[in-house]
Amino acid sequence: MKYKLSLFLPLFIFVILVGFLLKGLFSDPRQRDSAVVGKSFPEFQLPDLMNEEKVHSLQTLRGEKVLLNVWGTWCITCKYELPFLTKIKTEYGVKVVGIYYDQNHAPEFGQFANIPQIQVEVKQLLAQLGDPYQFHILDLDRTLSLDLGVTGAPETFLMDSNGVIKAHHMGDVNERVWRDKLAPIWNEMQ
Amino acid sequence: MMKSISILIVILASLVSVKSYGFDEMVTFDNPKQEAEYRELIKELRCPKCQNQNIADSNAIVAKDMRAKALLLLQEGKSKQQVVDYMINRYGQFAHYRPPVNIATIMLWAIPVGFILMCIILLWRRSRLSTQVDNATDTAGLNSELDNLLDEVSDLQNAETTRNNP
């Protein structure tokens, strides 16, 4: 009996190995757990994209659950999610706030973002593809983005009314992502 | 021909040095200790946007921002470990090239070592088993058995010859 069992050992090891490699084959190497989910949304003091005199902070954001979308007009994928974000705003009443992520602004290299030009581009794009945003937080130095663990655009966060981050999604929000990943969390959120 | 090759080598060699010192002049340090810590940090911290690059090697925006933030934190008097923790708190353990010791990382070392040990034990037990069989062989008994067989054969042969030549 012992002899028969050891006969199947190579097959057993082979099956485990195949299972392990198959899992690796179909997994997305860019997907990883976020470090900020469950934590409080970071403190910030940043201007509005359209009106630089208006300052947004965590205090003004708290009190209502909100979907925060990190985006920029330079980002191709962001354009694809604009219509869908507009849809969930109108159909489910989701409050969407933009965090404008500019990739050109680097004062230490003598590069400065052209804000009036960005404002024009944003208005044109949103008129064309749909405007889900209540307002945009202008994160020119990408400090808020760094605190949020943002690696690029688009990325999406769900924050509850107490200011706790409940979800972090990298990549575009589409029908499938919303239904499978974000909507269940959104509906549970206070 | 030789001359053009040597010119090519000089050009290629100069390109390498330009690349590796490209951004250094942009960064200024308060003291040599800070510089050493900064250099260690940018080698140890991993670009979260890239598949396998440290933030020193990557030109992704997030890597640039992480380099700038690492320097800022060092200038604020934070220790190297505090900077590493700052990044891990935001980008997860992925952002550091020295993973913590936990069950998942121990398995990476334990499984191959365990497998090799298991093979060695199996081989050792098998070889011990075969020597035991050798020792157990009763040579005296076998010899007598063989003698008996030989006797039988010769008896048979004798019987046949007597039958053929009566």
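Predicted model: local features only at pLDDT ≥ 70, side-chain atom pairs only at ≥ 80, totals over all residues.
**Salt bridges, a nonpolar patch and the A–B interface**

Reader: Which elements give two or more residues to the nonpolar patch?

Author: The patch lies on the surface and includes Leu9(A), Phe12(A), Val113(B) and Leu122(B) among its members. Its residues have about 1,000 Å² of accessible area together. The elements that give two or more residues are α2 (9-26) of chain A and α5 (103-136) of chain B.

Reader: Is Phe12(A) buried or exposed?

Author: Phe12(A) sits in helix α2 of chain A and is one of the residues of the nonpolar patch. The cut-off for exposed is over 50% relative accessible area. Phe12(A) has 52%, so the residue counts as exposed.

Reader: How many residues apart are Arg39(B) and Glu35(B) in helix α2 of chain B?

Author: The two form a salt bridge, with 3.0 Å between the closest N and O atoms. Arg39(B) is partly exposed at 30% relative accessibility, and Glu35(B) is partly exposed at 29%. Both belong to helix α2 (residues 32-44) of chain B, where about one helical turn separates them because they are four residues apart.

Reader: Which parts of the chain does the pair Lys80(B) and Glu40(B) link?

Author: The side chains of Lys80(B) and Glu40(B) meet in a salt bridge, 2.8 Å from N to O. In sequence the two are 40 residues apart, so this pair links distant parts of the chain: helix α4 (residues 80-91) and helix α2 of chain B.

Reader: Are Lys80(B) and Glu44(B) buried or exposed?

Author: Buried requires under 20% relative accessible area. Lys80(B) has 18% and Glu44(B) has 13%. By that cut-off, Lys80(B) is buried, and Glu44(B) is also buried.

Reader: Which residues do salt bridges with shared partners join into one network?

Author: Lys80(B) forms a salt bridge with Glu44(B), the closest N and O atoms being 3.0 Å apart. That pair ties helix α4 to helix α2 of chain B, across 36 residues of sequence. Lys80(B) also bridges to Glu40(B), which is partly exposed at 39% relative accessibility. The network joins Glu40(B), Glu44(B), Lys80(B) and Arg98(B).

Reader: What is the area buried between chain A and chain B?

Author: The size of an interface is often given as the accessible area lost when the parts come together. Here 22 residues of chain A are in contact with 22 residues of chain B. Carbon and sulfur atoms give 57% of the buried area, which is about 1,800 Å².

Reader: How many salt bridges are found across the interface of chain A and chain B?

Author: The structure holds eleven salt bridges over all chains. Asp147(A) forms one with Arg90(B), with 2.8 Å between the closest N and O atoms. Across the interface of chain A and chain B the number is two.

Reader: Which element gives the most to the side of chain A that touches chain B?

Author: Between the two chains, five residue pairs are in polar contact. On the side of chain A that touches chain B, α2 and α6 (143-147) each supply at least two residues. The element that gives the most, with three residues, is α6(A).

Notes: Residues numbered from 1 in each chain as written. Chains lettered and ligands numbered in written order. Heavy atoms only, no water. Salt bridge = Lys/Arg side-chain N within 4 Å of Asp/Glu carboxyl O. Buried < 20%, exposed > 50% of the residue type's maximum accessible area, 1.4 Å probe, protein only. Patch = residues over 30% accessible without salt bridge, like charges linked within 9 Å, V, L, I, M, F, W, Y side chains within 5 Å. Areas by Shrake-Rupley, 256 points an atom, 1.4 Å probe, with all protein chains shown as cover. Contact = heavy atoms within 4.5 Å. Buried area = accessible area lost by both parts, 1.4 Å probe. Polar contact = N/O pair within 3.5 Å; in protein donor to acceptor, adjacent residues only side chain to side chain.
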